[in-house]
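Here are a few notes to go with your first look at this one. Have it open beside you and follow along point by point.

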Amino acid sequence: MVEGSMTQGAGQGPVVRTATLRDFRVPPYAQVPVGSGQPVPPSSGQPGQLGPTAGGPAVHPGNAIPHDEPPEGYTPTERDLPVINRGDTVKLPTAQVPAPAESPETDGQGPLYVVGDVHGYLDELVAALSAQRLIDAEGHWAAGNARLWFLGDFTDRGPDGIGVIDLVMRLSAEAAAAGGYCKALMGNHELLLIGAKRFGNTEVNSHAGTATFQAAWLLNGGQRTDMERLQDVHLQWMSRLDAVVEEDGHLLMHSDTTAYLDYGSSIDDVNDTVHQILTRNDIDECWDLFRKLTKRFAFRDEGGSEAVQRLLSQYGGRRVVHGHSPIPYLLGEVGTEDASDDEDDTGPVVEGPHVYADGLAIAMDGGVTMAGKLLVVRLPLGN
């Protein structure tokens, strides 16, 4: 997953600089001791069965590797990603790749904005929306007929995922009343939260052994305060989110994967299939959907531009815009945990979106969960 290189002229975009990753540790929510009364994956000691490791946290159920052999299609979650410092990583000045010709705004529609992964960081979201003058000082919609798309992953890891969902739902109503709109896409963490609520510790047969949605949710940053505050209205809202849309030549999706192609030959087909899976409420289908939309890095290395082109040729658009994979990992460079807090540049610094894959892909996850930046950006880039 880490082979390949980024070279000048390969479509790099706005400067993204990373430094020490202080927060990239096993967080408290993953430290579930045996006998604590908290949900943990079942453990029988048999190959393929999951459970807490001696002296450490339980293994992520979706990432367990029976007999130490990764199953086909295995993709690690953020906490399992390697710390990479490739010598051939090239950081380029801003706007090295000009944006392709874009369609003018449709009559009656305002400018288009996208928001990267929020992960429960409500205060950071409010600050970023305010900086773009999309909301006012009281947190109400202030952008008239502007169009705002969230790329998914509203909850987990951060302190107030339900607060984020409540804000997005309220802004959706306020924007519609003002002649604009605020909409959202389905992320893998929405699927994870829905599954944890619906299926709890019911076992599912994954490619990596026995797993449960509840254990996977906890080990991917699930916050118990979010679960306690989760209401039917939140579940209904998340279950109806689309997975893919096209706006002004931008193909918007959460994950940097071609797995969307498994769910339909058109945007409508993909969204209908995802909605049907969630409506049928079959645990194996839901787990398979979650796992596929957890895949990442399809556009990053050799063959990345071809992967993007497959999606664009199937679904339309001139560029893919996605969240999911933090920009520091897409650059192939993450700092160490060794620097002290009082050193300069002790966290990843993200200046803006990352344009790559020969200019065909725009990454929007600024790494807010690792002291990075929550990105709210107007499209096309440069406006």
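At what angle do helix 3 and helix 6 pack, and how far apart are their axes? Keep in mind that this is a predicted model.

1. Start with that helix pair. Helix 3 covers residues 188-199 and helix 6 covers residues 232-239; they pack at an angle of about 135°, with axes 10 Å apart. Angles over 145 degrees would count as roughly antiparallel and 65 to 115 as roughly perpendicular, so helix 3 is oblique to helix 6. The crossing of helix 3 past helix 6 is left-handed.

2. Now zoom in on where the two touch. Helix 3 brings Glu190, Leu193, Ile194, Lys197 and Arg198, and these meet Leu235, Met238 and Ser239 of helix 6. Sorted by class, this contact has four nonpolar, three charged and one polar residues.

3. Four strands form an open sheet in the order 4-3-2-13, and the pairing is mixed. Strand 4 (181-184) and strand 13 (376-379) are the edge strands: each has a single partner strand, so one side of each has no neighbour in the sheet. On average, neighbouring strands here are turned by 20° against each other, ignoring direction.

4. Have a look at one pair inside that sheet. Strand 2 (residues 112-115) pairs with strand 3 (residues 147-150) in the parallel sense, over four bridges.

Technical notes. Residues are numbered from 1 along each chain as its sequence is written. This is a predicted model: local features need pLDDT of at least 70, side-chain atom pairs count only at pLDDT 80 or more; totals for chains, interfaces and linings use all residues. Side-chain values use heavy atoms; hydrogens and water are left out. Two strands pair if DSSP finds at least two bridges between them. Helices (H or I, at least four residues) and strands (E, at least two) are DSSP runs, numbered from the N terminus. Axes are lines fitted to C-alpha atoms, for helices over the stretch in contact, and angles run from 0 to 180 degrees between N-to-C directions. Angles under 35 degrees count as roughly parallel, over 145 as roughly antiparallel, 65 to 115 as roughly perpendicular and the rest as oblique. A crossing is left-handed if the near helix is turned anticlockwise from the far one by less than a right angle, and right-handed if clockwise. Contact means heavy atoms within 4.5 Å. Ala, Val, Leu, Ile, Met, Phe, Trp, Tyr, Cys and Pro count as nonpolar, Asp, Glu, Lys and Arg as charged, and the others, Gly among them, as polar.
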